[in-house]
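Subject: Handover of a structure and notes on it

Dear colleague,

Please find the structure below, followed by an account of what was found in it. I would be grateful if you read the two side by side.

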Amino acid sequence: MNRRVVVTGIGVMAPGGSGVEEFWDLISSGRTATRPITAFDATGYRSRIAAECDFDPLAHGLTPREVRRMDRAAQLATAATREALRNSGIAEAGIAPHRIGVSLGSAVGCSVSLEEEYAVVSDSGRKWLVDHAYTSPHLFNYFVPGSLAAEVAWAGGAEGPAAVISDGCTSGLDALGHAADLIREGTVDVVLAGGTDAPISPITVACFDAIKATTPRNDDPEHASRPFDRTRNGFVLAEGAAVLVLEEYEHARRRGARILAEFAGFGTRSNAYHMTGLRTDGREMAEAIRIALEQGRVAPESIGYVNAHGSGTKQNDIHETSAVKRSLGEHARQTPMSSIKSMVGHSLGAIGAIEVAACVLAMQHDLLPPTANLHEPDPACDLDYIPNTAREKRVDAVLSIGSGFGGFQSAVVLTRPERTAA
Amino acid sequence: MTGKAVVTGLGVIAPNGVGTKEYWTALLRGHSGIRPIERFDPSGYPTRLAGEVPEDAFSAADHVPRRLLPQTDRVTRMALAATDWAFADAAVDPADLPDFEMGVATANSAGGYEFGQRELQNLWGSGPEYVSAYQSFAWFYAVNTGQISIRNGLRGPSAALVTEQAGGLDALGHSRRSIRKGTALMVSGAMDSSLCPWGWIAHQSTGLLSTRPDPEQAYLPFSELACGHLPGEGGAILVLEEAGRVRDRIARGATTQVYGEIAGYAATFDPPPDSDRPDTLRRAAELALADAGAEPGEVDVVFADAAGNPAADEAEARALRELFGERGVPVAAPKALTGRLGSGGAALDVATALLSLRDQVIPPAGPVTAAADRHGIDLVVGAPRSARLRTALVLARGHGGFNSALVLRTPA
């Protein structure tokens, strides 16, 4: 039996708006959600820009008790889960809890709450022997962020396998890949899968400052994230979450679910090169793409759109351009490719799932989101990056790629639902 | 190709023994690794005992290249050393295999936590410009997977899983799946270490730690005297290979052993704490057995999660009674000699179970003299118990509701 995996629901909490509709409005318009950091006073930091969510947990139905218990990453994931459940209709489908799994990506877990707690118990960094008398009862849930998957499981009534996949900045893609495996092998029929990260806190901003990975373009925050542009100088840190309902195709068809796309293929490889650095040749990412295409039985020539990692660091955009040329061959030059990180920034372990959500929406709307802030093309990045304005195009298959600290390189292939039914 | 995953190499770091042989000898002799914390001054905290790996037993500089020391936490140094030992044990040189056919999937609970505390102190105490350039990757959860991949040139599918204690089994389940899909070799297992003050108060915040001062009396899983657990550091890294490949390797003269096959695996998640639905540990065990094509009657030994607090011990004992009957299967709880090592603990239990299968002997539950009668389990206590062992079941529970079960079989 050949079990296929389809997307039957999406929930997105991204900078610039809450929910799938506002997310799509933003990224299809080419507007950006990058701005000066408001989450804390960033005076004295090298990069003081972020893409933040104007997120009110109470407005999304979280109770005050839940808000107290949950780190911001858990709150965003829970809100995204609830939206995905609503638009998939699975809550009403009477699915046995043990046939529902959870696979959630997160790179830095509950880092905001951890740092807040640290500041309290250490008397703002004065004590090595931190004071346990001031410890939050929820500290262990922040310490081991498996708690993020727990919150999603509770929100969705899932009692199948649950896990946080923490593969740095490919966490979101890898969590979806893991979810698809669970469905294909028959372990479950439905997985709440995606990613969440809320990393806009002093320690995370400082650690990217220290390696100059984030942009210092503090005088022009709206135009700070410039993937593939000659003047790019680092990524913009962001927060967000996306949760997709992945479901076995026949299961979805039997219950009359609306099928949004097929999750056709996934591949991942590691570069075994450097924890943060990339070689220019893109060999490992190209191999991940090849595997994803092969699994999805999609020819490179069928790919109509590439959602790029496009973080806007000097080396990433060159690495990735090489990988796409290496894997798609001559077809790469005819394939539109864009980075929505130009608009919503880089939310680490969440962004992979947010970008897959963007791919599903692009196929639904026959509209490809642009790369904002691309005015001076880098001669070393010589593909079609859809500068500044969304492009109308019907596509049958799309590729979403990511690259992460630790050397992770991952790729997802999605196809139109009509192809699954045919 | 069979698609079966077998374990050919072990690398162990435990509070009571660094190295597989040292650890196994300590277990069988009942030597405990529970001792007063030396890494920091614990006198101001209610719990002062832990399963700490002594500095003189594991000196990172002896095992890890000097240039890696400034960029790694203790947990990663342990993971790198244990990986070297596991490769040596398996008689595999990763340079001899195509790079895309070898991957890494490890579990982790809290990342490089002591490193993280130091950098938080630098930031909050001194300012952002004092934060290390290595913080961006020395602390996060993928650190062990990434560093193992880089150091050994492993470019196949890789991942890091976070499900607290259950992660040690989940990483192995994940790796087994990668082998089934065509990867020749996976480095798997887990290492955890968070014995710094900032990690310590996180452990204490659960309210589940023992506060007894006597190392012999503090962590007594399934005992009438059970009063909580003690955290520890360490774990195990395992080399998994596709069974057919190992057979060919041995036919060509490789001097390796096959410890056993990962024959079954399953994971479940419990309903919310306020739910009246039952917990799901038993279901995880049943699904893992079904995955292995084994009946409960075929299981020769169970390595228990052994939480060490009365309610959680009873929940596990109930699952065992329901599956195997009253005192229906020997139960091992070697954790009583190491403490609970986070995700490293479950990986270490798998290594221990494989050694039990190899030597046909079950290690005792350290200082526990008897299981409480009400649990109705046949806990192995006192001395090692010799038995005919072909199939072992390993259970693990992660804080928050994670349950995982793994079935090991001796090589056919």
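Strand β4 (residues 49–51) of chain A and β8(A) pair in the parallel sense over two bridges. Here strands (E, at least two residues) and helices (H or I, at least four residues) are DSSP runs, numbered from the N terminus, and two strands pair if DSSP finds at least two bridges between them. Within this pair, A:Ala50 has A:Leu237 of β8(A) as its bridge partner. The open sheet has three strands in the order β3-β4-β8 (chain A), with mixed pairing. β3 (34–36) and β8 (237–238) of chain A stand at the edges with a single partner strand each, so one side of each is left without a neighbour in the sheet.

Please note that this is a predicted model, in which local features need pLDDT of at least 70 and side-chain atom pairs count only at pLDDT 80 or more, while totals for chains, interfaces and linings use all residues. Residues are numbered from 1 along each chain as its sequence is written, and chains are lettered from A and ligands numbered from 1 in the order in which they are written.

**Buried strands of chain A**

Six of the six residues of strand β5 (residues 100–105) of chain A are buried, a residue being buried if 20 or more other C-beta atoms, placed from the backbone, lie within 10 Å of its own, exposed if 12 or fewer, and partly exposed in between. A:Ile100, A:Val102 and A:Leu104 lie on one side of β5(A), and A:Gly101, A:Ser103 and A:Gly105 on the other. β5(A) runs parallel to strand β7 (residues 190–197) of chain A, joined by six bridges, and parallel to β6(A), joined by four. A:Ile100 stands opposite A:Val190 in β7(A), and A:Ser103 opposite A:Ala163 in β6(A).

Strand β15 (residues 397–404) of chain A has eight of its eight residues buried, so it is largely enclosed by the rest of the structure. It runs parallel to strand β11 (residues 305–307) of chain A, with three bridges, and pairs with strand β16 (residues 408–415) of chain A in the antiparallel sense over eight bridges. A:Ser400 stands opposite A:Asn307 and also opposite A:Val412 in β16(A). β15(A) and β16(A) form a hairpin with three residues between them, and A:Gly406 in the turn has a positive phi of about 100°.

**Where chain A meets chain B**

In the contact between the chains, 69 residues of chain A touch 62 residues of chain B; two residues are in contact if their C-beta atoms, placed from the backbone, lie within 7 Å. On the side of chain A, the largest share, seven residues, comes from α8(A). The residues of this side divide into 37 nonpolar, 22 polar and 10 charged, where Ala, Val, Leu, Ile, Met, Phe, Trp, Tyr, Cys and Pro count as nonpolar, Asp, Glu, Lys and Arg as charged, and the others, Gly among them, as polar. Two bridges also join β6(A) to strand β6 (residues 159–162) of chain B, and these strands run antiparallel. A:Val164 has B:Val162 as its bridge partner in β6(B).

Yours sincerely
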